[in-house]
Amino acid sequence: MNKLIGLFFSLIILLACSVHSANEKPVFTEGPIIIVDSGLVVSAHLQSSRIGVRILQKGGNAIDAAVATEFALAVCYPEAGNIGGGGFMLIRTPEGKTDVIDYREKAPAKASRNMYLDGSGNVSQGLSTGTHLSSAVPGTVDGMINVHSKYGRLPFSEVIQPAIDLAEKGFPVSERQAEDFNSNRKTFIERNSFRPAFVKDSTWKKGDILIQRDLAETLKRIRDYGRDGFYSGKTARLIAKEMKRGNGIVTEQDLKEYKSVSRIPLNADYRGYRIITVPPPSSGGIILIQLLKMTDPYKLKEWGFNSPETVHLIAEAEKRAFADRSEYLGDPEFVNIPVDQLINKKYLLNRMSTYNEKEATPSENIKPGSPEGYISEETTHYSVIDKYGNAVSATTTLNNTFGNSVVVDSAGFLLNNQMDDFSVKPGFPNMYGLVGGEANSVQPRKRMLSSMSPSMVEKDGKLLLVLGSPGGSTIPTTVFQVIINVLDFGMNIGQAVNAGRFHHQWLPDLISYEKNAIDSVALKKLKSMGYILQERSSIGSVNAIMILPGGKKAGAADKRGNNSSCGY
Ligand code: DON
């Protein structure tokens with residue numbers, strides 16, 4: 001297996017190529033896995049990675065490049081890139097100062113606890129996912145303006161301009177993208193009163209050009225008026241009008257009130273490394289740290305990559321972490337979350353006291369702990385580093401692929417269906433099978449719990465890894481596996497990102513795994529220990545950067561998507 005991964009990695013390096021300017025000087029290098037000296041962007045699309053790198057080459061820092069990449073993703077990767085959604089961004093300066101910008105969406109003021117239930121108290125199928133009512137107040141634009149004003153070097157107009165040009169001039173769609181647009185065609189037509197740019201008379205083919213004029217105009221308003229170009233004025237009026245048409249409840253007042261916030265990152269030590277990640281309202285960081293601390297006392301390295309012992313230990317830790325998620329985690333501005341206690345070493349060792357090394361503990365026997373004193377899917381992660389040493393790890397989403405597929409009429413962008421990330425009814429699983437209760441109930445102006453886990457790893461105070469992933473509930477378990485692939489199993493970053501993955505989330509009580517991620521002998525052993533195992537399609541899509549011993553930077557774009565590394 002490892003040999004195969006090694007072979008794949010070598011092939012991929014060979015595929016990396018240099019892009020030349022007219023006078024034939026290499027401008028930047030790109031490919032799934034590349035090694036460069038200066039700056040690097042790894043994102044879900046070639047266009048957005050190139051745009052980010054050009055901003056670095058113009059003298060912008062990693063934050064300028066991240067903002068340019070985020071706006072570019074809203075154009076070239078409408079499956080998840082967005083201005084109608086939200087996300088989390090982790091920033092680290094060359095001096096090691098870290099910050100999190102939380103630009104997660106918020107429930108509109110008219111939202112209420114039982115808004116997705118029918119008269120008999122049952123969940124109305126599809127209401128929190130496929131209607132205007134599934135949209136929360138978008139956070140991306142405020143988040144980008146906020147982070148840029150705090151850390152950016154280049155003028156905002158310069159950073160957003162490439163996205164405007166991309167929307168206006170268009171770009172060739174990839175094969176996968178053509179499939180995405182074609183398979184969502186019926187839904188786009190049903191849910192919109194006009195034909196969005198994503199709907200063509202004929203079917204999409206690889207290389208067809210997608211032009212988005214309305215989106216270009218919206219981006220220009222953001223360029224010219226900043227926050228007001230989106231949260232008030234024409235764009236806000238168009239959003240409110242779209243909401244009225246489809247019985248949604250986001251109002252101009254909700255938009256005016258939206259503010260992204262800075263939060264203090266979470267830190268944890270793991271085998272001599274420092275993990276830096278995001279706090280609530282994402283559950284991702286807490287789950288990641290819980291998994292690292294629960295598995296820390298065990299000999300993963302000796303047991304080996306995805307051996308029965310390794311998979312069993314990790315699955316047991318995952319059950320316990322997701323059980324805690326269901327009980328304790330939500331928006332910290334609404335619920336009192338015992339964060340320190342949940343990631344406390346003693347608490348977590350105690351949590352694992354019921355771990356039986358010989359057999360699986362059924363999820364029904366695992367309850368949330370008692371600390372003293374909580375996903376077709378598409379999200380997208382990008383990682384950026386500049387020549388100065390600033391780094392950005394950001395995950396952004398509309399929730400589903402294309403969100404709720406509603407395009408704001410005349411504004412050209414898709415709306416999120418993030419309200420489904422709330423627990424719409426206690427114990428009722430959301431689209432990722434996640435259950436929750438009071439802590440993550442729907443309340444006006446509350447942020448819904450996320451699993452997004454943009455993270456970084458340091459060794460001896462120096463940055464080593466920048467990484468994150470989409471994948472709903474599988475995000476923190478994916479990030480966890482890539483980290484241990486590097487730290488425990490000694491893989492290089494390309495191997496670590498592309499190695500097979502598995503996932504357990506307490507409920508449902510099963511291990512899902514990618515084809516070939518666990519070999520047949522290990523699968524048999526795990527079954528005999530009491531596990532239900534289910535093969536599934538790919539898990540996560542990691543875009544990562546690793547700083548190599550001599551200071552060079554390796555970008556690894558997951559083969560599971562159209563991801564691309566670009567650097568110089
Ligand atoms: O915030 C969350 O956890 C989800 N809305 C993320 C959705 C996602 O990752 C879908 N991607 N595959």
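Visitor: How do the axes of helix 12 and helix 14 cross, and within what distance do they come?
Guide: This is a predicted model. In it, the axes of helix 12 and helix 14 (residues 308–328) come within 9 Å, with a crossing of roughly 140°.

Visitor: What do you call that, oblique or roughly antiparallel?
Guide: Oblique. Roughly antiparallel needs an angle over 145 degrees, and the crossing is at roughly 140°, so helix 12 and helix 14 count as oblique to each other.

Visitor: Right-handed or left-handed?
Guide: The crossing of helix 12 past helix 14 is right-handed.

Visitor: Which residues meet there?
Guide: Helix 12 brings Ile 287, Gln 290, Leu 291, Met 294 and Thr 295. On the helix 14 side, the residues include Leu 313, Ala 317, Phe 322 and Arg 325. By class, this contact has eight nonpolar, two polar and four charged residues.

Visitor: What else does helix 12 lie across?
Guide: Helix 12 (residues 284–295) lies across strand 10, strand 11 (273–277) and strand 14 (455–459). Its direction is at about 15° to strand 10.

Visitor: Those strands, what sheet are they in?
Guide: An open sheet of seven strands, in the order 3-20-19-15-14-11-10, with antiparallel pairing. Strand 3 (33–36) and strand 10 (266–270) are the edge strands, and each pairs on one side only. On average, neighbouring strands in this sheet are turned by 20° against each other, direction ignored.

Visitor: Which other helix lies across strand 10 and strand 11?
Guide: Helix 17 (residues 475–487) does, and it also lies across strand 14, strand 15 (462–467) and strand 19. Helix 17 runs at about 140° to strand 15.

Visitor: How many bridges are there between strand 19 and strand 20?
Guide: Five. Strand 19 (residues 543–547) pairs with strand 20 (residues 553–557) in the antiparallel sense over those five bridges. As one example, Ala 544 has Ala 556 in strand 20 as its bridge partner.

Visitor: New topic. What about helix 2 and helix 5, at what angle do they cross?
Guide: At roughly 150°, with the axes of helix 2 (residues 46–57) and helix 5 (residues 156–169) coming within 10 Å. The cut-off for roughly antiparallel is over 145 degrees, so helix 2 and helix 5 are classed as roughly antiparallel. The crossing of this pair is right-handed.

Visitor: And which residues meet in that one?
Guide: From helix 2, Gln 47, Ile 51 and Ile 55 meet Glu 158, Val 159, Pro 162 and Leu 166 from helix 5. The contact divides into five nonpolar residues, one polar and one charged.

Visitor: Is strand 13 buried or exposed?
Guide: Buried. Ten of the ten residues of strand 13 (residues 391–400) are buried, so this strand is largely enclosed by the rest of the structure.

Visitor: What is strand 13 joined to?
Guide: Strand 5 (residues 86–92) is joined to strand 13 by seven bridges, and the two run antiparallel.

Visitor: Last one. What is the order of the sheet of three strands?
Guide: The order is 16-17-18, in an open sheet with mixed pairing. Its edge strands are strand 16 (502–503) and strand 18 (533–536), and each of them pairs on one side only.

Visitor: How do strand 16 and strand 17 pair?
Guide: In the antiparallel sense, over two bridges; strand 17 covers residues 511–514. His 503 stands opposite Ser 512 in strand 17.

Note on methods. Residues numbered from 1 in each chain as written. Predicted model: local features only at pLDDT ≥ 70, side-chain atom pairs only at ≥ 80, totals over all residues. Heavy atoms only, no water. Pairing = 2+ DSSP bridges. Helix = DSSP H or I, 4+ residues; strand = E, 2+ residues; numbered from the N terminus. Axes fitted to C-alpha atoms, helices over the stretch in contact; angles between N-to-C directions. Contact = heavy atoms within 4.5 Å. Parallel < 35°, antiparallel > 145°, perpendicular 65-115°, else oblique. Left-handed = near helix turned anticlockwise from the far one by under 90°. Nonpolar A, V, L, I, M, F, W, Y, C, P; charged D, E, K, R; others polar. Buried < 20%, exposed > 50% of the residue type's maximum accessible area, 1.4 Å probe, protein only.
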